[in-house]
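Please keep the sequence and the structure in view while reading.

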Amino acid sequence: MGRHKQPEIRDRILDACVDHALVHGLPSRLEPFAAASGTSARMLIYHFGTRDALLRETLRRARRRQRDFFGELVTPRPEEPYPSTLRRAWRVMTGPAGLPYLTMFGRLREDAEQQLWPGFRRESTTDWLQPLQEGMRSIGRPELATLVLAVVRGLIMDIETTGDVSRADRAFEDFLAALVLVTGTQDLDAHGES
């Protein structure tokens with residue numbers, strides 16, 4: 001009689017692999033994931049089938065975490081003007097808590113072949129539109145979500161390429177000032193102060 005796979009063990013292993021990948025990137029071999037999850041390469045294959053299948057599931061779980069985390073950040077709050085929400089979200093996304101996600105998925109977006117996640121570039125563009133539309137709807141301009149997304153993605157790519165966070169932060173502040181003018185909303189933190 002063979003063993004039965006235990007989903008809770010598989011989930012624990014996958015979470016450990018995601019934690020490891022967010023800090024160190026995706027490994028080229030299974031050993032770092034085995035060490036991080038407290039198991040063996042053989043058991044990783046037992047639970048996930050192949051190295052690429054494990055990498056794909058690691059990316060998908062990390063992306064789900066990112067969508068939940070960033071999605072909460074851009075959710076409108078009744079007590080806060082939406083430009084202030086966007087400023088706070090920007091600071092967290094580009095800060096220590098968000099940077100591991102940006103690094104991981106920035107590399108994946110640059111992968112020309114996209115073998116691990118075909119269609120990732122398209123999905124990673126469109127999956128943020130709905131939460132931003134909801135936020136922009138709170139100030140009467142849901143159609144500006146595409147513009148917000150383009151600015152955020154462009155500035156994130158700028159940070160990934162140049163490492164100049166200060167310049168990107170200033171550009172985002174300028175964008176928020178223009179957004180306030182265009183939408184006629186207020187901004188509680190117009191000077192970039194915490």
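## Terms and basis

A residue is called buried when its relative accessible area is under 20%, exposed when that area is over 50%, and partly exposed in between, with a 1.4 Å probe and protein chains only. By that scale Asp-19, at 42% relative accessibility, counts as partly exposed.

The model is predicted, so that local features need pLDDT of at least 70 and side-chain atom pairs count only at pLDDT 80 or more, while totals for chains, interfaces and linings use all residues. Residues are numbered from 1 along each chain as its sequence is written, and side-chain values use heavy atoms, with hydrogens and water left out.

## Overall build

The protein chain has ten helices and zero strands, where helices (H or I, at least four residues) and strands (E, at least two) are DSSP runs numbered from the N terminus. Along its principal axes, the C-alpha trace spans about 70 × 35 × 30 Å.

Of the 194 residues in the protein chain, 44% are buried. Taking contacts (heavy atoms within 4.5 Å) between residues at least 6 apart in sequence, 64% join residues at least 24 apart.

## The nonpolar core

In soluble globular proteins, nonpolar side chains tend to be buried together. Here the largest nonpolar core has 49 residues, and those with the most contacts inside it are Phe-105, Leu-132 and Phe-172; such a core is a set of buried Ala, Val, Leu, Ile, Met, Phe, Trp, Tyr and Cys residues joined through side-chain atoms within 4.5 Å. Helix H9, residues 145-162, gives the most to this core, with eight residues.

Leaving aside residues up to four places away in sequence, Phe-105 touches Leu-59, Ala-62, Arg-63, Gln-66, Trp-117 and Phe-120.

## Helices H9 and H10

H9 and helix H10 (residues 165-183) pack at an angle of about 170°, and their axes are 9 Å apart; axes are lines fitted to C-alpha atoms, for helices over the stretch in contact, and angles run from 0 to 180 degrees between N-to-C directions. That angle makes H9 roughly antiparallel to H10, since angles under 35 degrees count as roughly parallel, over 145 as roughly antiparallel, 65 to 115 as roughly perpendicular and the rest as oblique.

On the H9 side the contact includes Leu-147, Val-151 and Leu-155, and on the H10 side it includes Ala-168, Phe-172 and Phe-175. The residues of this contact divide into twelve nonpolar, one polar and two charged, where Ala, Val, Leu, Ile, Met, Phe, Trp, Tyr, Cys and Pro count as nonpolar, Asp, Glu, Lys and Arg as charged, and the others, Gly among them, as polar.

The structure holds 16 salt bridges, each being a side-chain nitrogen of Lys or Arg within 4 Å of a carboxyl oxygen of Asp or Glu. Arg-65 meets Asp-15 in one of them, at 3.3 Å from N to O, and this pair links Arg-65 in helix H4 (residues 51-73) with Asp-15 in helix H1 (residues 7-24), 50 residues apart. Arg-65 also forms a salt bridge with Asp-19, with the closest N and O atoms 2.7 Å apart; because Arg-65 lies in H4 and Asp-19 in H1, that pair ties together parts that are 46 residues apart in sequence. A network of salt bridges links Asp-11, Asp-15, Asp-19, Arg-61 and Arg-65.

Arg-65 is partly exposed at 23% relative accessibility, as is Asp-15 at 29%. His-20, found in helix H1, is buried, with a relative accessible area of 16%. Not counting residues up to four places away in sequence, His-20 touches Gly-25, Pro-32, Phe-33 and Ala-36.
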